[in-house]
Amino acid sequence: MKKAKMVISRDFQIAEIDRRIYGNFVEHLGRCVYGGIYQPNHASADEFGFRKDVIKLVKELQIPIIRYPGGNFVSNYYWEDGVGPVSERPKRLDLAWRTTETNEIGTDEFVKWCRLVNAEPMIAVNLGTRGISDARNLIEYCNHKSGSRFSDMRIKNGVKEPHNVKVWCLGNEMDGPWQIGHKTANEYGRLASETAKAMRQVDPTIELVACGSSGTFMSTFPSWEAEILDLTYDQVDYVSLHTYYGNRENNSQNFLASSEDMDNYIKTVSSVCDYIKAKKRSKKTLMLSFDEWNVWYHSNKSDDDKMKNKPWQIAPSLLEDNYTFEDALVVGLMLMTLLKHSNRVRMACMAQLVNVIAPIMTEEDGKVWRQTIFFPFQHVSKYGRGIALTPVLTSTKHDTKDFSDVNDVQSIAVWNSEHSQLVIFAVNRDQNDIIPLTCDVRDFKDYRFIEHIELKHEDLQMCNNANNENVAPKTVPLGELSNGVLKVNLKPTSWNVIRLKK
Ligand code: AHR
């Protein structure tokens, strides 16, 4: 019989969760910016042209930090194009996605929008076609108070107070041959290190992220990390990780196990960081920024055709994956993996936020709507605040095409002592059986079982659209809690949020 058991104790702590693991990402790509967050001719646009209907859903996700402006886009981006009077801003060819960038939105507008959605900006600098000088100019523009060329340029552009951007990415996916200005590890490591040095001279309070590999599929992974960290270790605070999964072979069981790859990826990168730490006799432990993660595959084929056949369009529909119910389960599993490593992963960004591989979609002249993946992200962002507790979990297991000994049930608990709340997140990966999950919660003896939220659909391939929220969470009858033992039944292929409160 399939079953799972977990012991939850406040003494088994992974870490205080850094809220920035619930970050997201806005790239100048497809309809993410234009027609996504910004659409001045839309009925819901505010005085700045930002869609208020989008802002409302973004706020529902409670996102603390948003990465910008790319992604691949940043490697040929000229930030000066996007500041100053909009009528004077040039159009430029974006080489990453072969579209035309109008520059109506730039750094100042993005930071303004971030403040409207209560998020902190995380800005990437162009280390593809540009380098040290442009990065130091941009940070001077953003963070220096006044009395210098670029800070005064910002003030002249109507932004009196510095943006105070705290987190900066030193380029994007520089290991990837597709990247404009792709570099060897040695070339990148040297450039990143010197850029970091210059940026910190302007503002010593910033935090810097070095580019790790674009994913475990890269032939240079993980020697890329070892080489670049050898050159940047003392200058940076984080190394980045990126991953996207997809059910390309129509094998749901294998797809639902793909978070195992994410788990191994984090372990490997942590080990490489610690190897460099030991090699350098350093006292500093490098943290991880998982600043691109999601499911991405539905739109691949049609996008290749679009980019080949009709380049240089303005904000065409690109990367518009319509997510299935099983994608939402994988997103839930990936979020639990981030929590499991919250002692090491201090920032993470779902990629991306609106229209482009996104939880939020817009119709050009109509509505905004929630994809299936919106819900697990919302749940973990809302309830996964506090201390991640070590999952002392025993579950029956199965093998898949690419993974062995995969737990039938994956689960983790988060304890919020301030709100006296214990939340258990759980996925039943099995497609046929209800699996009982038994949790020893004797350590939380004053807590009551208050809610069981479930995301479940009989059809793993079911999607949402502008008119139908086919896949949406609902509250289900509570299981039992007596003598410190909690028992819940997890439906086949379901996402579950189990809440206990004092
Ligand atoms: O998020 C979409 C793209 O995926 C990003 O531009 C790039 O960094 C990654 O390859």
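At 22% relative accessibility, glutamate 60 counts as partly exposed (buried means under 20% relative accessible area, exposed over 50%, and partly exposed in between, with a 1.4 Å probe and protein chains only). Before we go on, a word on the ground rules: this is a predicted model, in which local features need pLDDT of at least 70 and side-chain atom pairs count only at pLDDT 80 or more, while totals for chains, interfaces and linings use all residues. Residues are numbered from 1 along each chain as its sequence is written, and side-chain values use heavy atoms, with hydrogens and water left out.

Glutamate 60 pairs with arginine 370 in a salt bridge whose closest N and O atoms are 3.0 Å apart (a salt bridge is a side-chain nitrogen of Lys or Arg within 4 Å of a carboxyl oxygen of Asp or Glu). This pair links distant parts of the chain, from helix α1 (residues 52–60) with glutamate 60 to strand β14 (residues 368–370) with arginine 370, 310 residues apart. Helices (H or I, at least four residues) and strands (E, at least two) are DSSP runs, numbered from the N terminus. Arginine 370 is also partly exposed, with a relative accessible area of 21%.

## The chain as a whole

Stepping back, the protein chain holds 11 helices and 26 strands. Its radius of gyration is 23 Å, close to the 23 Å that the globule rule gives for 502 residues, so the chain is as compact as a globular protein of that length. That radius is taken over C-alpha atoms, and the rule is 2.2 Å times the number of residues to the power 0.38. Along its principal axes, the C-alpha trace spans about 70 × 60 × 45 Å.

Of the 502 residues, 62% count as buried. Among contacts with a separation of 6 or more, 77% come from residues 24 or more positions apart, where a contact means heavy atoms within 4.5 Å.

## More salt bridges

Side chains of opposite charge can pair when their charged atoms come close. The whole structure contains 33 salt bridges. One of them joins glutamate 140 and arginine 136, at 3.0 Å from N to O. Both residues sit in helix α3 (residues 132–143), four residues apart, about one turn of the helix. Glutamate 140 is buried at 8% relative accessible area, and arginine 136 is partly exposed at 28%.

Glutamate 454 and lysine 491 also meet in a salt bridge, again with 3.0 Å from N to O. Here, too, distant parts of the chain are linked: glutamate 454 belongs to strand β22 (residues 448–455), and lysine 491 to the loop between β25 (485–490) and β26 (494–501), 37 residues apart. Glutamate 454 is buried, with a relative accessible area of 2%, while lysine 491 is partly exposed at 32%. Elsewhere, salt bridges that share partners join Lys56, Glu60, Arg370 and Glu469 into one network.

## Backbone points to check

Most residues other than glycine have a negative phi, and most peptide bonds are trans. Glycine 70 and glycine 71 are joined by a cis peptide bond, with omega about 20°, and glycine 71 lies in the loop between β4 (65–68) and β5 (92–94). The bond from alanine 351 to glutamine 352 is cis as well, with omega near -5°; glutamine 352 is in the loop between β12 (345–351) and β13 (360–362).

Leucine 319 has a positive phi near 55° and sits in the loop between α9 (300–309) and α10 (325–340), where leucine 319 is buried at 2% relative accessible area. Asparagine 483 has a positive phi of about 50°; found in the loop between β24 (480–482) and β25, asparagine 483 is exposed at 73% relative accessibility.
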